Amino acid sequence: MNDYILISTLNDFIFCPYSIYLHNVYMSTDEDLYHAVPQVRGTVAHKATDSKSSSTQKDVILALPVFSERFHLMGKIDVYKRKEKKLVERKYQLKGIFQGQIYQLWAQFFCMREMGYIVESFAFYEISTNRMIPISLPSSEKECQFEKFVSDFLNYDPSSPIKINPNKCSHCIYCNLCDKTDLENVYS
Ligand code: SF4
């Protein structure tokens, strides 16, 4: 594993570490090979932010690159509202909020804090329902939990056995390309 972790891979690591390997193998190929509906929507949801076109307000920072030396993290935030000191992650649709998505938000927060920004609150914004979903800031105990998680990621051994979970596999965008299962994914 590289010394620095992409924030966008934290959720993938919880879902299945092998999916990160497959992503790296297939990332340079035709994205139509594996991109499923949720990923296409996610890309569209972030397009306006990445192109810095979703807000013209001066107090809003979009797509800011962030990093943390302490946690060996790098990535990009979606939206930072300077006046409110609020960090927002946009999602097209949120059927539930998973631990990996919360870790991604925490990761952005820790990066911003290390870079000198003040973040007093954060939230997910669900585009499809125009809904803001507040998320608590991590306590010091949660910060230790996150530190342990990052350490597990950094020390992950790709040759260690993979636990196959058919339910996960059938919802995995790499399912049709994965040598660990013969399942088809639900997006086919
Ligand atoms: S298909 Fe299953 S084993 Fe393969 S990467 Fe996806 S979740 Fe992991």
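How many residues line the second largest pocket, and which of them lie nearest its centre? The lining has 20 residues, and F15, C16, P17, I162 and K163 lie nearest the centre. By pocket I mean an open set of points on a 1 Å grid over the protein atoms alone, with protein on both sides within 12 Å along at least five of seven lines; lining residues have an atom within 4 Å of a point.

Quick word on the model: it's predicted, so local features need pLDDT of at least 70 and side-chain atom pairs count only at pLDDT 80 or more, while totals for chains, interfaces and linings use all residues. Residues are numbered from 1 along each chain as its sequence is written, and side-chain values use heavy atoms, with hydrogens and water left out.

Back to that pocket. Its volume is about 310 Å³, meaning the space filled by probe spheres set on the grid points, which are joined across faces, edges and corners. α1 (10-15), α2 (17-26) and α6 (166-170) are the elements that each give two or more residues to the lining, and α2 has the largest share, with 4 residues. Helices here are DSSP runs (H or I, at least four residues), strands are E runs of at least two, and numbering starts at the N terminus. The lining splits into 14 nonpolar, 3 polar and 3 charged residues. Nonpolar covers Ala, Val, Leu, Ile, Met, Phe, Trp, Tyr, Cys and Pro; charged is Asp, Glu, Lys and Arg; the others, Gly among them, are polar.

This second largest pocket is also where the ligand sits, as in more than half of its atoms lie within 2 Å of the grid points. Around the ligand we find, among them, F15, C16, C169, C172, C175, C178 and K180, each with a heavy atom within 4 Å. That shell has 8 nonpolar, 2 polar and 1 charged residue.

Now the largest nonpolar core: 33 residues, with L10, L73, L87, M112, F122 and F146 making the most contacts inside it. A core is a set of buried Ala, Val, Leu, Ile, Met, Phe, Trp, Tyr and Cys residues joined through side-chain atoms within 4.5 Å. α4 (99-114) is among the elements supplying at least two residues, and α4 gives the most, 9.

H72, between β3 and β4, has a positive phi of about 60° without being a glycine. K85, between β5 and β6, likewise isn't a glycine, with a positive phi of about 55°. H72 is partly exposed at 24% relative accessibility, and K85 is partly exposed at 27%; buried means under 20%, exposed over 50%, partly exposed in between (1.4 Å probe, protein chains only).

Terms used. On a 1 Å grid over the protein atoms alone, a cavity is a set of points where a 1.4 Å probe fits but cannot get out, and a pocket is an open set with protein on both sides within 12 Å along at least five of seven lines; lining residues have an atom within 4 Å of a point.
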